[in-house]
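I opened this entry to record what I looked up in the model, going from the chain as a whole to its helix pairs and then to single residues.

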Amino acid sequence: MPTLFLLLGLIMKNIHGSGHALSDIANDPFDFTFNEIAGAAGEHEAKSLYSLLYKSGALKKAHTIWIKETMGDADAKKYIFELYDDKCIETVCIKRKTGTTACVSSQAGCPVRCVFCESGRNGLARNLTASEMVQQIVFLKEPINRIVFMGMGEPLYNYDAVIKALRILRDRNGLDFPTDGVTISTVGPIRFLKKLREEHMKIQLVLSLHATDQKTRDRLMPGTSGYAINETIEAALSYSKRHNRKLTIAYLVSPGINDRHIDIKQLIKWFKHEHVMINLLEYNQTSRRIFKKAGGKDIERFKDSLESCGLEVNIRARRADKFKRTAVAQVVCFPGNSPAPFHTPLASR
Ligand code: SF4
């Protein structure tokens, strides 16, 4: 079986003198698109390398992330990956009727610092590379048919690496992952939403909204304070119209904070005539009790009010809870984190 070094030896002989340094490709082959490798070494060699990386699995030793721990059960499994600099990230696999969804991280930590999320508590440690995102998929111990960028981090704040990872994952010489099986969940930085709108990828979009007025949203999600809420919604709707996709709005319900009559009125005003589905989420209580937990009846009441005015609304069951019951379920990226580090609670996928 050819090893990475043998293959790269072959590549060296065929160097065309352009593109990326072959030593960089040898050090971290998962970080390169097919075209980048073809540019450096030729199309035939790129095909061989992609096949070894993504089809036969013969080059799995070329990894730069390691599974440190797994927890959960057959329905929902959490993988904790350790990175080269000792930071840790998570990937969660959720079984659905029609396959398995992998929820991947795009950053170590998160700069948005939502008050209801443990991932953002200590801010951003660093962006992940495209390779580190690709490897989260390659090294799972189960087949998946959906990818959601909804783990640790805000994917659009690591825009170039996320798009590059998608190009690698969907390349037909490798995993050939369909982009309509990909979802990006974002707090909606406007300039990146506009950029994403112009990409030729049919990605499903989830906008984490969680409030209907600027002041409340800025308080709940401090890292969004530079973005006007109306413009954020406009940009997200514009994306979904351009790509002919239903926009999902993630909305974590907190009694008295964002489920008031005025919130209902505003959601109806924004979305009544749009191709939108609102996902209502329940707060996954952590050690910091800064967000009042909504009871089942609170959420049902809120849902009924929105539905009676013609909106499509869904309540997502939480599945992250099972990790709380696991003794080892501590997120090790930052000391003291408790196990609920999901972009929006796991429920929204
Ligand atoms: S909910 Fe998402 S955007 Fe907010 S802090 Fe957590 S990971 Fe970041």
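**Chain overview**

I began with the contacts in the protein chain that have a separation of 6 or more, and found that residues 24 or more positions apart account for 68% of them. I note here that this is a predicted model, so every entry below describes a prediction. I then went through the secondary structure of the protein chain, which comes to twelve helices and twelve strands. For burial, I looked at the 349 residues of the protein chain and found that 46% of them are buried.

I turned to helix α3, residues 34-41, and asked which of its residues are buried. They are I37, A38, A40 and A41. Looking down the axis of α3, I found these buried residues within an arc of 165°, so they line one face of the helix. Just after α3 comes G42, for which I noted a positive phi of about 105°.

I next looked up how α3 lies against helix α4, residues 43-55, and found that their axes cross at roughly 135° and come within 7 Å of each other. Oblique is counted between 115 and 145 degrees on this side of the scale, and α3 and α4 are therefore oblique to each other. I recorded the handedness of the α3 and α4 crossing as right-handed. On the α3 side I listed F34, I37, A38 and A41, which meet E43, E45, A46, L49 and Y50 of α4. Sorting the residues of this contact of α3 with α4 by class, I have seven nonpolar, two charged and no polar.

**Helices α5 and α6**

For the pair formed by helix α5, residues 130-138, and helix α6, residues 159-170, I noted a packing angle of about 45° and axes that are 8 Å apart. That angle makes α5 oblique to α6. The crossing of α5 and α6 is right-handed. I then asked which residues make the contact. From α5 they are A130, M133, V134 and I137, and from α6 they are A161, V162, K164, A165, I168 and L169. By class, I find nine nonpolar residues and one charged residue in the contact of α5 with α6, with no polar ones.

**Helices α7 and α9**

I went on to helix α7, residues 190-197, which packs with α9 at an angle of about 10°, their axes being 9 Å apart. Angles under 35 degrees count as roughly parallel, and the angle here makes α7 roughly parallel to α9. In this pair I190, L193, K194, L196 and R197 of α7 meet E231, T232, A235, A236, S238, Y239 and R242 of α9. The class count that I wrote down for the contact of α7 with α9 is six nonpolar, two polar and four charged residues.

In helix α10, residues 261-271, I looked up the buried residues and found D263, L267 and F271. Seen down the axis of α10, they fall within an arc of 40°, so they line one face of the helix. On the other side of α10, I found H261, I262 and K269 exposed. What covers the buried residues of α10 includes β11 (276-282) and α11 (296-307).

The loop between β11 and α11 holds Y283, which I looked at separately. Is Y283 buried, exposed or partly exposed? I count it as partly exposed, because 19 other C-beta atoms lie within 10 Å, whereas 20 or more would be needed for a buried residue. I also noted that the C-alpha atoms of Y283 and V253 are separated by 7.1 Å, although the two residues are 30 residues apart along the chain.

D176 is exposed, with 11 other C-beta atoms within 10 Å. N244, also not a glycine, has a positive phi of about 55° and is found in the loop between α9 (229-242) and β10 (247-253). With 8 C-beta neighbours inside 10 Å, N244 counts as exposed.

Key: Residues numbered from 1 in each chain as written. Predicted model: local features only at pLDDT ≥ 70, side-chain atom pairs only at ≥ 80, totals over all residues. Axes fitted to C-alpha atoms, helices over the stretch in contact; angles between N-to-C directions. Helix = DSSP H or I, 4+ residues; strand = E, 2+ residues; numbered from the N terminus. Parallel < 35°, antiparallel > 145°, perpendicular 65-115°, else oblique. Left-handed = near helix turned anticlockwise from the far one by under 90°. Contact = placed C-beta atoms within 7 Å. Nonpolar A, V, L, I, M, F, W, Y, C, P; charged D, E, K, R; others polar. Buried ≥ 20, exposed ≤ 12 C-beta atoms within 10 Å, placed from the backbone. Arc of directions from axis to C-beta.
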